[in-house]
Structure formats: C-alpha cells, structure tokens
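This report looks at a few backbone features and at one helix. Please keep the sequence and the structure in view while reading.

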Amino acid sequence: MPIVLGLDSSTQSVSAVVLDTAAGTIIHEASVSFGEDLPDYGQPSGFMPNGEDGEVHSDPLMWLDGLELLFTRLAESDLDLSQIKAIAGSGQQHGSVYLDHGFADTVQNLDPSKTLKSQALSHLTRQSAPIWMDTSTSNECAEIAKAMGGDAEVCRRSGSIAIERFTGPQIRRFAKMSYDSWELTGVIHLVSSFMASILAGQSVAIDHGDGAGMNLLNLAAGDWDHDLLEATAPGLREKLPPVQPSGTVAGKLSNYFVERFGLSPDCEVVLFSGDNPCSLVGMGASRPGKVVISLGTSDTLFAAMPEARTDPRGYGHAFGNPMGGFMSLICFLNGSLARERVKDELGLDWSDFEKEALAATPAGNEGRLMLPFFGPEITPRVESRDAVYLGWPEGARDPASVVRAVLEGQFLNMKVHSRWLGVDPETIYLTGGASQNDGIAQTVANVFGVPVSRLTVAGSAALGAAMRAAHAACGVALAELENAYCQPEAGSTVTPEDGVREIFDDLEQKWVSALHDSFSETNH
Ligand code: XUL
C-alpha cells in the first residue's frame, strides 16, 4: 500500500504529513510558520495586521513561498519524495484568491527554474486575499439576503445564512469596490483550490466540502446556485471553477514539483478541501456519531450529518462531508488568539497556563465568569472590544481565576451554541494545538459533562487530507485508515470531575444571563 502526502494550508502555517499506509505509520511531518519562517511579509499570525473596517487579508504569495519552503524541507529530509503516490490537501476555509485569465495557462506551464511566487505575481487581480477572519461585509450579507427574499432562503439553499467571512459576500464587496479589477478577474479560487491548482498544474475544481462555505453552492443540487450567483455579483458564473466531489482526482502532479523537488510524475493530486472537512476525516468522524472540538486560531465544533440540518439562529453551517453526506460546523472566532492574549497579558507560559492556574482554582471558578470575546465574535454575533468579567471583587482579578474564566467561558459558549445540533455526545474528541494541554481537556470534560478523548496526531486537517489522498487515489479503505490513524491516544481520555455537573448547570445559566445583559446580539 502506498505512501501519501497530506498538506494543510492554514492561517498561520503550511504543514505536511506523510503516511506509509502499508505500515499504518506516519513517516514524516514538517511545517513552515508564516510569522517565523517568512518574517519579511510582516504577517506574524499569517494575516496583515490593522485591516480597516473589519478587513482581514493575507498575501497569497506568502502561501506560495511557504509551500515552496515546505517542499524544500521535505526534499532535504531523508524521505524519498519519488515514492509519494498521491497528494491531497486542506485549506483554511472561505479565503479567496482573484486571478486573471492568464493564470490557467501559466499554471499549466510552471517553469521549474523560477519561484512559484514570481510566476503567480502578475496574475493576481487583487493583491491580497480576504480570509475567514474578515468581518467587513455586513452590508453585502444584507444585500444578498434581501435579493434572495431573506436569510432563511439563503440558508435553505446554501446551508448557512449570508455570513461575513463566507466567500460570496466577500466577492460581492470586491465587485462593488473595485469594479475594474473585478472585470479583469478570470477565476476566483478558494485557498484550497488555489493550492491544489498549483500542485496539479491546472486550474482545478472547488470541492463540495469547502465550496459549501461560500453562500453560493446549492447543497441539495451539489452545484452552484444560479440565483445566489446572480444575487452576489455580475458575471460570477464565468469566474468560478466547477464544483466536484471532494474525492475527485484532479490529475497528475505538475512537472514543477517533479523537476524541482524530485517527486514522481505519476503522483496524483486529489482535490483539496476545507480544513474543517479534512479534520472531520482526520478525527475518524466522517461517519455520523462523533462530535469534534478543534482548538485553533478559531475554535470549531463539528460532526458528520446524514442530512443537511441548519441552525435556525444562523450560527451553524452545513458543509459537504468529504466522504459523502454533510457535516455541521460551528466556528468561534475568539479561539487561540484569545487564550494567548490572556496568557501574554498575565505573563504566563503554557505550563503555568495549564497547571498552576487550573490547579489553584476550583471548577466553576466560585461563580466568577467571563464573556471571553476580546474582539468581534461570530458565535454569538457580538461587536465586542474586550472580555467582560463578572463576580470578581473590585481590583482583585487574580491571574489563576482569569485563566480558568477564559477557558470555562469559551467552552460554555460552545455548549450553549451547539444545542441546535440535537446531538448528545457520549464522548467529545478534541484536536488542534491546545488539545494536548491536559488542563484544557479537563475543562472541556467538566463543562460538557462527558469524557474527552484525544488522538495521537495534533494536526488532524493534514492527516485527514492524507487519508483522503490514500482513499481517493489509491483505493485504501476508510475503515483501514481510521484503524491505523484515528485511535485515541492511550491514557489520554479525561473524564469530568466528581460533582461538577451541578456547578456547571448553574454557571451556564449565569453565563447566558450575563451574555444577554451585556450584549444585544446583532443578527441581520
Ligand atoms: C470555519 C472557519 C475557520 C477556518 C479556519 O467556518 O471560518 O474554522 O476554516 O481556518
């Protein structure tokens, strides 16, 4: 059985995992951090700081430089890259790249003696790519909803109400604000399909998993929705790649990677998907039954669904499940950046964060609570500029209780805003950078009142991508891959502490009242 490569082009880094599916092992992992490895771009967290009006953009050329550096590192390792039979990937969702009509030709004829960046540069009709953290498109969301006869209709067709970070509203804003550049645009790619196009040496399709995060795909039809396209921007149909099932083999690897890094000309490229759909696969959760919480730049909660169910309040989304059917997803913007802010403000390092702070305070924080929204939040939809602290004596916010409060506040928020799924999980599967932290896992178990399990691999998006490559291009059975790669780490399961259920039932009520008292949630 074959050796396959999974890539993950995420907000802060681009990373790789290589699987030997015959041995059932991970044989290599590598990563490039945009902030640390490519500091000249001035994007320490992978996006341009200080965007105006809620804009958050990244430089797509930085992603290409990152991809190239990643392959350089892979080629310098002791791996024989010519053994890789298939590649698939994952991309941060919703981000969009705007390219001219010449891109398709250039990508088919990439010159191995030049960098990717130098060849893509002149084809960008928009120099930067809006990413999922962008909240600048409230007007466009309202306009799309109005044209469609209301948000309920947008949700019924696309699986989500019109959402600021989703690609359709972002496209509309670009078409409105920069019509000349819009007219020059020949193709709009998602991060996933852009990276896949570079690898496959052709402008490839968008997959059902990531395509559903655009407010443009008709979920039931599995194709672009004519009315949503019309409501979004003029001439949009001609600028979108086709949509295809996630398991589609796009073609052979571009000669660029063969010549430059020694990969095989027979290596196949499978369509990339979004990071959450890929994580669903990497967590062994692509068949219904498991609920996953992923702790990353954003935190997400997701589960496979046999049918597309939508959130009546508009907070959750239905996406395509790369293995067929659908998945639900709820995204929380104030994820690891909020946790890091607390950690930095209090001058802690990660071990303090976990051990001292949580050990020094009781579950439930003696009723002290935080609404942990250090910036705008999308679930719930609040325009916050700082966290709200309740229950501390004046001027006496000790660091330990603040640490506990940010974690309990984040997980209470997840619990409250995932009820619409109607799923009572028996176990929660935790992934993402912060999931390795025992204190954080314990807090999730306490707040949700169920055991928390962790898998051996932290990067479930790259793993899921690699599993998709093995399944789609090499015919390896999903069950076999799940047996090998998606088992809980021995001894890693954390169960709720005794007697915490009542404490958190009580705290949840207080937390919900505090939310209503402090913010009027804005919904369009
Ligand atoms: C999901 C979302 C984020 C990004 C992070 O809707 O916006 O989880 O996918 O990369």
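## A cis peptide bond in a loop

P380 sits in the loop that links β21 (377-378) with β22 (381-382), where helices (H or I, at least four residues) and strands (E, at least two) are DSSP runs numbered from the N terminus. The peptide bond between T379 and P380 is cis, with omega at about 0 degrees.

This is a predicted model, in which local features need pLDDT of at least 70 and side-chain atom pairs count only at pLDDT 80 or more, while totals for chains, interfaces and linings use all residues. Residues are numbered from 1 along each chain as its sequence is written, and side-chain values use heavy atoms, with hydrogens and water left out.

H94, which is not a glycine, has a positive phi of about 80 degrees and belongs to the loop between β5 (84-91) and β6 (96-100). H94 is buried at a relative accessible area of 4%, where buried means under 20% relative accessible area, exposed over 50% and partly exposed in between (1.4 Å probe, protein chains only).

N215, also a residue other than glycine, has a positive phi near 60 degrees in the loop between α10 (208-211) and β10 (217-218), and N215 is buried at 1% relative accessibility.

In helix α15 (residues 336-345), the buried residues are S336, A338, R339, V342 and K343. They lie on the same side of α15 because they cover an arc of only 165 degrees around the axis, taken from the directions from the helix axis to the C-beta atoms. D344 and E345 are exposed on the other side of α15.

After α15 comes G347, with a positive phi near 65 degrees.
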